[in-house]
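Have a look at the model first, then read on.

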Amino acid sequence: MSDKTPAEPVPAATIVMLRDGPEGLEVFMVVRHHQIDFASGALVFPGGKADPADFDPRLAPRLTGAAADPDLRANQVAAIRESFEECGVLLARSEGSDQLIDGARLATLEAYRDRLHKGDLSIFEFLEQENLTLACDALTHFAHWVTPDMMPKRFDTHFFLAVAPPDHLAIHDGHESVDSVWIRPADALAEAAAGTKTIIFPTLRNIEKLAQFESCAAAISATHGTTPVRVLPWTEKREDGNYLCIPPEAGYEISEERMPERS
């Protein structure tokens with residue numbers, strides 16, 4: 001056992017964008033750039049670290065249906081911001097409207113993606129300039145994972161389900177992600193099992209959970225109003241090898257997996 005103090009996990013958010021395809025539920029996934037230091041080359045859900053600006057209390061009047069907890073609220077902001085930056089989908093409304101912005105309005109906002117990504121302006125400044133409110137009520141809290149203590153870089157990540165507006169064209173940003181795909185959860189699992197796609201442990205567990213649902217409505221209905229169990233994986237050394245474990249009460253298909261032997 002190491003005496004080294006674990007790194008403090010960084011707040012992060014992941015958006016699990018869903019749509020109903022011709023053969024059932026599909027999820028939007030991106031391939032991480034090979035130079036990204038976390039999950040490089042892997043098939044993942046869009047997302048990233050929460051920016052300090054996501055915690056700005058001035059955002060409150062420009063959030064609809066946001067969580068009461070300020071940290072969770074900042075993660076909701078981060079999830080929506082990341083979905084815009086990374087795949088061009090923006091869950092927002094014009095102030096005073098009850099409808100999400102349409103594809104035509106979204107197209108006029110395209111230039112903001114890169115500016116937000118580079119930190120040239122904050123999410124608050126963007127919303128103020130364009131008179132927008134973020135649709136936090138379009139997010140469903142799906143999962144909560146924390147990177148294990150032994151990892152040098154750690155994230156405290158909240159996963160949110162969202163149904164992609166039909167006229168918002170989801171596409172990877174070419175910076176953090178280099179490819180993207182709408183894929184059925186069962187097909188993603190099959191590709192991971194075949195070794196044709198790299199999918200890290202937390203993503204795989206959440207895809208397995210999504211594979212239970214036939215439609216967006218079924219996934220949202222089953223998840224809405226629940227509080228995800230905080231998952232902090234740990235390792236156990238057993239006679240037949242080392243195992244990666246997660247709390248059984250988190251409700252995943254498996255709660256332990258034997259880790260490959262190091263060569």
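## Terms and model

Two strands pair if DSSP finds at least two bridges between them. Helices (H or I, at least four residues) and strands (E, at least two) are DSSP runs, numbered from the N terminus.

This is a predicted model, in which local features need pLDDT of at least 70 and side-chain atom pairs count only at pLDDT 80 or more, while totals for chains, interfaces and linings use all residues. Residues are numbered from 1 along each chain as its sequence is written, and side-chain values use heavy atoms, with hydrogens and water left out.

## Overall build

The chain holds seven helices and 14 strands. Its radius of gyration is 18 Å, close to the 18 Å that the globule rule gives for 263 residues, so the chain is as compact as a globular protein of that length. That radius is taken over C-alpha atoms, and the rule is 2.2 Å times the number of residues to the power 0.38.

Along its principal axes, the C-alpha trace spans about 60 × 45 × 35 Å. Of the 263 residues, 48% count as buried, meaning under 20% relative accessible area with a 1.4 Å probe, protein chains only.

Strand β7 (residues 132–135) runs antiparallel to β6, and three bridges join the two. Here A92 stands opposite L134 in β7.

Key:
Buried < 20%, exposed > 50% of the residue type's maximum accessible area, 1.4 Å probe, protein only.
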